[in-house]
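Student: I have a new structure open and I'd like to learn how to read it. Can we go through it together?

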Amino acid sequence: MAYYETIYKDQELGHRAKAVYIYLLDHANKEGTCWPGINTIASGVSLSRSTVKRALDDLARAGLVEKSSRWRENGSLTSNIYQVK
């Protein structure tokens, strides 16, 4: 639970971004990587898709999350990979 303390004290980050960050932390593996879809995150934190997208952008700007695209074998886009710091 100590890793939450940093996010709680961050006065610059909005409450929506904090909720998404905590969701990602809870779903990350030991290396801090996870790959939930936007709809999955939105459902998990009771926010809209657009709010989740803005929160992820805020987290990336704050340096707390790195986002990378993932592709299926047929070349279509699937959920992003998130590296939580």
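Student: Which residues is Val 20 in contact with, leaving aside its neighbours within four places in sequence?

Tutor: Val 20 touches Ile 41, Val 45, Leu 47, Val 52, Ala 55, Leu 56 and Leu 59; contact here means heavy atoms within 4.5 Å. Before we go on, this is a predicted model, where local features need pLDDT of at least 70, side-chain atom pairs count only at pLDDT 80 or more, and totals for chains, interfaces and linings use all residues. Residues are numbered from 1 along each chain as its sequence is written, and side-chain values use heavy atoms, with hydrogens and water left out.

Student: Which residues have the most contacts inside the largest nonpolar core?

Tutor: In soluble globular proteins, nonpolar side chains tend to be buried together. Here the largest nonpolar core has 23 residues, and Val 20, Leu 24 and Leu 59 have the most contacts inside it. Such a core is a set of buried Ala, Val, Leu, Ile, Met, Phe, Trp, Tyr and Cys residues joined through side-chain atoms within 4.5 Å, and buried means under 20% relative accessible area. H2 gives the most to this core, with 7 residues.

Student: How many residues does H2 have?

Tutor: Helices are DSSP runs (H or I, at least four residues), numbered from the N terminus. H2 covers residues 15-27, which is 13 residues, and reaches 19 Å from its first C-alpha to its last, close to the 18 Å expected at 1.5 Å a residue. That expected span is 1.5 Å times one less than the number of residues. Its buried residues include Lys 18, Tyr 21 and Ile 22.

Student: At roughly what angle do the axes of H2 and H4 cross?

Tutor: Two packed helices are described by the angle between their axes and the distance between the axes. The axes of H2 and H4 cross at roughly 80° and come within 8 Å. The two helices are therefore roughly perpendicular to each other, a label for angles of 65 to 115 degrees. Among the residues making the contact are Ala 17 and Val 20 of H2 and Thr 51 and Asp 58 of H4.

Student: And how do the axes of H3 and H4 cross?

Tutor: Helix H3 (residues 38-45) and helix H4 (residues 49-61) have axes that come within 9 Å and cross at roughly 100°. H3 and H4 are therefore roughly perpendicular to each other as well. Ile 38, Asn 39, Ile 41, Ala 42 and Val 45 in H3 meet Arg 49, Val 52, Lys 53 and Leu 56 in H4.

Terms used: Axes fitted to C-alpha atoms, helices over the stretch in contact; angles between N-to-C directions. Parallel < 35°, antiparallel > 145°, perpendicular 65-115°, else oblique. Buried < 20%, exposed > 50% of the residue type's maximum accessible area, 1.4 Å probe, protein only.
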